[in-house]
Amino acid sequence: MAVGPRHFTARAGNGVGEPILDPDNGEELVHVQPSVSVAVGNRAPESPGTLYITTRQVIWLSELDREKGYAVDFLSLSLHAVSRDPEAYPSPCIYTQIETEADEVEDESEDSDSECSEVLDLSKIREMRFIPSDANQLDTLFQVFCECAELNPEPIEEGEEEGHNWIFSADQLEDEAGAGDDVEWHFSQNPTNTIGHSNGHHDLASSVLELQINDQRFEDAEEMEQDADTGHHHQSQQ
């Protein structure tokens, strides 16, 4: 379930160290990037802090205010991208879109009022930007975001799992390919969806694989029909 961004102040070392993680549930620290500012919604960037990327979430902790920090789970990040266009945003950054528990998104005026008020309502935040002081680190950060997002696929609803499951690992594809000519359908050896990087949504890949299956079945049906016509033609001649 997407819970959106939240305030985070759990630091080790009497509140002055690294964030306290959840190793009992398998959370591990993957990357630490100092001197990163964060812009929450339409607000101006915060003073530089440290960005911690774990296997479960992205955490930003202020270097000046030990009581200030934000965290967002990878399951809540619907999109992340590198932004270098000054017309889109003045500073190069990692741009993220965020899903929250809210069923409906408030209009822009309400969001703007909330984001610019003294008390920040994180439940209305749909965007966050992480701005490193060294723009050369953007590609590294983006790669880490991608790797950790892949560790947090979107949960499959029970009904969806019973209906179909067209997502296969590379090993499963190789096993199917090596099963011989009795296999009813075949897959491309590289079914990866390469259109953008959206976190955890595989509908396009599923559709492509399903179309491949249906195409193969249509070809088989046509071959059977041709064989039947040929046999009927021979019987007529006799």
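I will start with one side chain: that of Thr96 reaches the backbone oxygen of Met128 at 2.8 Å. That is a polar contact, meaning a pair of N or O atoms within 3.5 Å; within protein, one must be able to donate a hydrogen and the other to accept it, and residues adjacent in sequence count only if both atoms are side-chain atoms.

Before going on, some ground rules. This is a predicted model, where local features need pLDDT of at least 70, side-chain atom pairs count only at pLDDT 80 or more, and totals for chains, interfaces and linings use all residues. Residues are numbered from 1 along each chain as its sequence is written, and side-chain values use heavy atoms, with hydrogens and water left out.

Back to Thr96, which lies in strand β7. Strands (E, at least two residues) and helices (H or I, at least four) are DSSP runs, numbered from the N terminus. Is Thr96 buried or exposed? Thr96 counts as buried because its relative accessibility is 0%. Buried means under 20% relative accessible area, exposed over 50%, and partly exposed in between, with a 1.4 Å probe and protein chains only. Leaving aside neighbours within four places in sequence, Thr96 is in contact with several residues, including Leu77, Leu79, Phe130 and Phe145. Contact here means heavy atoms within 4.5 Å.

Now the sheet. It is an open sheet of 8 strands with antiparallel pairing, in the order β1-β5-β4-β3-β2-β8-β7-β6. β1 and β6 (77-83) stand at the edges with a single partner strand each, so one side of each has no neighbour in the sheet. Two strands pair if DSSP finds at least two bridges between them. Strand β2 (residues 29-40) runs antiparallel to strand β8 (residues 127-132), joined by 5 bridges, and Ala39 stands opposite Arg129 in β8.

Helix α3 (residues 138-150) lies across β2, β3 (49-54), β4, β6, β7 (93-98) and β8, and runs at about 160° to β6. For that angle, axes are lines fitted to C-alpha atoms, for helices over the stretch in contact, and angles run from 0 to 180 degrees between N-to-C directions.

Next, strand β5 (residues 69-73), where 4 of the 5 residues are buried. β5 pairs antiparallel with strand β1 (residues 6-7) over 2 bridges, and there His7 stands opposite Tyr70. With strand β4 (residues 57-62), β5 pairs antiparallel over 5 bridges. β4 and β5 form a hairpin with 6 residues between them.

Which residue is the bridge partner of Gln57 in β5? That partner is Asp73. Gln57 is placed in β4 and is buried, at a relative accessible area of 6%. Its side chain makes a polar contact with the side chain of Arg6 at 2.3 Å.

On cysteines: a disulfide is a pair of cysteine sulfur atoms within 2.5 Å, and the count comes to 0 disulfides. Cys148 is in no disulfide, and the nearest cysteine sulfur, that of Cys146, is 9.6 Å away. Cys148 counts as buried because its relative accessibility is 2%.

Last, confidence. pLDDT is the predictor's confidence in each residue, from 0 to 100. The chain has a mean pLDDT of 76, and 58% of its residues reach 70 or more. Over residues 107-115 the pLDDT is below 50, and this stretch has 14 contacts in the model beyond near neighbours in sequence. Over residues 201-211 pLDDT stays under 50 as well, with 13 contacts beyond four places in sequence. Where pLDDT is low, the predicted coordinates should not be read in detail.
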